Amino acid sequence: MIAVSDAFALTQQHLLTLPTETIPLSDAQGRVLRQSVRADRDFPPFHRVAMDGIAIRFADYVAGQRTFPIVGTQFAGQPQQTLAETGACLEVMTGAMLPLGTDTVVRYEDVQTANKQATVIIDELEEGQHVHHQATDRRAGDELMPVGTQLGPAEIAVAVSVGQVTVSISALPRVALISTGDELVGIADTPLPYQIRQSNTFMLQAALRSLGIAATVHHIRDDKALLREQLAKLLTTNNVLILSGGVSAGKADFVPGILMELGVEQHFHKIDQRPGKPLWFGTRVADGEPQRTVFGLPGNPVSTVLCGYRYVIPYLRASLGLPAPPARFAQLAAPVTFRPPLTYFLPVRLVSEPDGRTVAHPLPGSGSADFANLLDADAFMELPADRSEFGAGDAFRVWPTR
Ligand code: AMP
Ligand code: MG
């Protein structure tokens, strides 16, 4: 048995090395950059008019002038015009280049126009107002997005604006999700009195979609020969196998033994935690094939969810090159007692209070098989192994499951 932090560190020491691929930006939503994206031009690329109105020379206004003859119009999408006449103005539209010879924009709301003349009707004017000056946001050549950025809507908009037609991103791992157990039947089956429907693999499949991974789902009975044959096959075509069930101390828990027969080296089996104590983790590093990684998750659904969010998803995120998300903390809403010398992952519902605190309401449920409880919970709170009393208001790390 090892501690939670040691188990986590071991998983992170055996990350996958995934190839880089180049794909059209239009297909890259949710993917992780393997290149940095730089500004091809200044942001904004020219002195950009930020309001519809007129462009003047501020010096004319300072000299006391209030009425300006309108000598033309500068639209967005036109080459830059020049205001040659002193004491005149050009009408300008949002998104246009600021005309040469002007430096300040006055909004239509702040002028009166009549007879091709605009009169400024406000008293306060600032030099350079309503102009978004060239390079105020970023300079040409600046790094806009570093390696490891996940491409969401904002990142895609920025990448488009610099003409990034294709992007180099991390290839996705091939992942197989495998439930084991003679008691499990499929979603469309009617379970006999001693059977239940398999749900863990579908929970994991849904969770992995958030990383863009389309994992395949399999089921294998508690039969050594079948397990050996089918796991061997799945190991040839997948980077990662995530098993559910068959790693505890039961007479039909064959998974660790079979994995070792198939050349998968065990890095740990069993963690000082509840739920999810029997978690198994190993890798196969063989000549001529990329690394294979195997997680053997205990079958109890709450254990599977916890191990998925605490170990498996962080492992896949790190393998894709994503930085660890910032740690989140919350305060216990009520005292909790937990005596075993194990890290206790307590299901909680997080509530954001008006004073800015995040409060965690304990939902202990009836143990690791009570997965209906997870419908009410949205995180696990990690209560350390070296304490047994946890007071209301005490703050601990939380691992969101939504
Ligand atoms: P095991 O880890 O194989 O000893 O299974 C522990 C418990 O989890 C048993 O009650 C199993 O029936 C249940 N279980 C195992 N796999 C699944 C699954 N895919 N979906 C729902 N429950 C499961
Ligand atoms: Mg089982």
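Q: Which residue has a backbone N or O atom by an oxygen atom of ligand 1, and what's the distance?
A: That's Gly299, with a backbone N or O atom 2.8 Å from the ligand oxygen. Keep in mind that this is a predicted model.

Q: Which side chain has an N or O atom 3.4 Å from a nitrogen atom of ligand 1?
A: Ser244 does, through an N or O atom of its side chain.

Q: How much of ligand 1 does the protein cover?
A: The protein covers 79% of the accessible area, which is 490 Å² for the ligand on its own.

Q: How many residues surround ligand 1, and which are the closest?
A: There are 16 around it, and the closest are Glu183, Ser199, Asn200, Gly246 and Gly299.

Q: How does that shell divide into nonpolar, polar and charged?
A: You get 10 polar residues, 4 nonpolar and 2 charged.

Q: Which pocket is the space taken by ligand 1?
A: The ligand takes up the second largest pocket.

Q: Switching topic: how many disulfides does a search of the whole structure find?
A: The search comes back with 0 disulfides.

Q: And Cys89, buried or exposed?
A: Cys89 is buried, because its relative accessible area is 0%, and the cut-off for buried is under 20%.

Q: What about Cys307, buried or exposed?
A: Cys307 is buried too, with a relative accessible area of 0%.

Methods. Residues numbered from 1 in each chain as written. Chains lettered and ligands numbered in written order. Predicted model: local features only at pLDDT ≥ 70, side-chain atom pairs only at ≥ 80, totals over all residues. Heavy atoms only, no water. Near = heavy atom within 4 Å. Polar contact = N/O pair within 3.5 Å; in protein donor to acceptor, adjacent residues only side chain to side chain. Areas by Shrake-Rupley, 256 points an atom, 1.4 Å probe, with all protein chains shown as cover. 1 Å grid on protein atoms, 1.4 Å probe; cavity = no way out; pocket = protein on both sides within 12 Å on 5 of 7 lines; lining within 4 Å. Sits in = over half its atoms within 2 Å of the grid points. Nonpolar A, V, L, I, M, F, W, Y, C, P; charged D, E, K, R; others polar. Disulfide = S-S within 2.5 Å. Buried < 20%, exposed > 50% of the residue type's maximum accessible area, 1.4 Å probe, protein only.
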